[in-house]
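Trainee: Hi! Could you walk me through this protein while I look at it?
Mentor: Happy to, let's open it up.
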Amino acid sequence: MRDRLMIIVAICLMLLAIFPACEKHPEEHLEDPFIWEVSTPVNEGMDPHILDSAFLMASGYGFVDGLLIVRNGKIVAEAYYNGFSAGQPHNLMSVSKSMLSAITGLVLNGPYGVDLGDRMLDYFPQYNSASLDPRKQDITIEHLLTMRMGIAGEAEDNYGVYAALYNSDNWLRSTIESPLISDPGEEMHYNTFITHLLSGVITEATGRGTDDFAEEFLFSPMGIDVDSWEKDPQGICFGGNSMYVTPREMAVFGLLYLQHGRLRGRQIIPESWVEQSLLPSTDLTHPNQWGSWENYNYASLWWLGQFSGQDSFMGYGYGGQFVIVFPELDLIVVTTAENNVPPETTNTQEWAIFDLVNQYVLASLLPDTG
């Protein structure tokens with residue numbers, strides 16, 4: 001037996017020497033990490049002294065963990081606080097929803113037969129019962145993407161509905177069985193577990209975990225690495241929350257959307273989906289204001305609005321996790337912040353970061369740069 005084993009080992013070594021490419025299949029190779037070009041504020045049309053004030057303010061707040069500024073596709077300034085660093089992953093909180101929008105777009109444009117008008121319950125026949133409110137038969141994937149499922153919003157009861165769903169033993173079933181407070185498609189009610197249903201749809205449609213699918217078709221092509229992603233009791237990735245990436249990787253995602261789904265010469269997300277996912281799905285009365293962020297609306301897991309009159313789209317996470325993209329200015333602002341705080345504190349933190357963007361980041365743009 002030992003001689004036989006030695007012969008097998010010898011043959012394997014010989015084959016490896018002759019066919020080194022057989023050691024790994026090509027699809028097993030991770031693509032090259034995204035490498036940022038670094039520049040200076042002056043070279044990219046920003047006043048360094050005014051921009052310095054943004055970082056002084058961030059440091060003084062005490063709750064900001066990271067601030068990163070990208071202009072013209074280059075990092076012009078970054079700093080980290082509270083023990084964080086450029087290479088340390090941070091919980092994105094609801095910026096994960098914008099990531100999920102991109103993943104959903106890839107599924108919708110893939111060979112999986114998924115359509116925006118598909119009924120949500122068709123993907124979960126095990127939870128479809130005669131006891132359900134009959135209106136739930138009308139809930140579509142588009143309703144999930146735009147927060148129009150019809151169940152109560154999490155901020156409407158100080159996150160009580162969030163806690164109840166999170167602590168349930170089956171997030172998908174509990175969300176599907178949640179009472180409707182409006183007809184599907186009628187009103188927006190922001191609830192993270194609506195987007196968790198999207199993660200379930202992706203898993204059912206592709207036959208793969210949402211993280212596994214996204215790694216192959218989004219994260220690896222972007223050159224980023226999602227270090228961890230919370231899962232529900234059934235092993236479904238938490239759709240719309242608790243992804244961990246670094247601030248630089250958050251900025252790569254912003255750059256991908258700024259460049260209409262294209263990165264490093266490759267169309268990763270269809271341009272048509274980028275455009276569609278950034279169309280307003282709400283018709284909120286303007287002018288409106290949330291701190292110094294103005295004229296906001298919701299899109300498809302992205303927020304739209306203005307800072308100092310400049311149009312932007314934003315991945316918005318609890319506590320101050322932000323990817324704010326200003327298309328006309330070729331500007332991306334990324335922040336990470338303390339997220340283990342009560343709702344009244346998160347509002348204070350988010351508004352303070354908005355003030356920082358308005359008063360210093362945008363003010364640092366030199367007049368002849370747009």
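Mentor: A term to begin with: pLDDT is the predictor's confidence in each residue, from 0 to 100. This is a predicted model, so local features need pLDDT of at least 70, side-chain atom pairs count only at pLDDT 80 or more, and totals for chains, interfaces and linings use all residues. Residues are numbered from 1 along each chain as its sequence is written, and side-chain values use heavy atoms, with hydrogens and water left out.
Trainee: Okay, what does the protein average in pLDDT?
Mentor: The average is 92, and 91% of the residues score at least 70. Residues 1–29 have a pLDDT below 50. Beyond near neighbours in sequence, that stretch has 2 contacts in the model, where a contact means heavy atoms within 4.5 Å.
Trainee: Which order do the strands of the open sheet take?
Mentor: The 9 strands run S1-S3-S2-S14-S13-S12-S11-S10-S9, with mixed pairing. Strands (E, at least two residues) and helices (H or I, at least four) are DSSP runs numbered from the N terminus, and two strands pair if DSSP finds at least two bridges between them.
Trainee: And which strands stand at the edges?
Mentor: Strands S1 (37–38) and S9 (289–290) do; each has a single partner strand, so one side of each is left without a neighbour in the sheet. S9 pairs with S10 (residues 293–298) in the antiparallel sense, over 2 bridges. In one of these bridges, Gln289 has Glu294 in S10 as its partner.
Trainee: Switching topic: where is His189?
Mentor: His189 sits in the loop between helix H6 (171–176) and helix H7 (192–206).
Trainee: Is it buried or exposed?
Mentor: His189 is buried, with a relative accessible area of 8%. Buried means under 20%, exposed over 50%, and partly exposed in between (1.4 Å probe, protein chains only).
Trainee: Which side chains does the side chain of His189 make polar contacts with?
Mentor: Glu156 at 2.9 Å, and Glu187 at 3.1 Å. A polar contact is a pair of N or O atoms within 3.5 Å; within protein, one must be able to donate a hydrogen and the other to accept it, and residues adjacent in sequence count only if both atoms are side-chain atoms.
Trainee: How many aromatic pairs are there?
Mentor: There are 33. Rings of Phe, Tyr and Trp (its six-membered ring) pair if their centres lie within 6.5 Å; planes under 30 degrees apart are stacked, over 60 edge-to-face, and the rest tilted. One of the pairs is Trp302 with Phe313, edge-to-face at 5.3 Å centre to centre and 85° between the planes. Both residues are buried.
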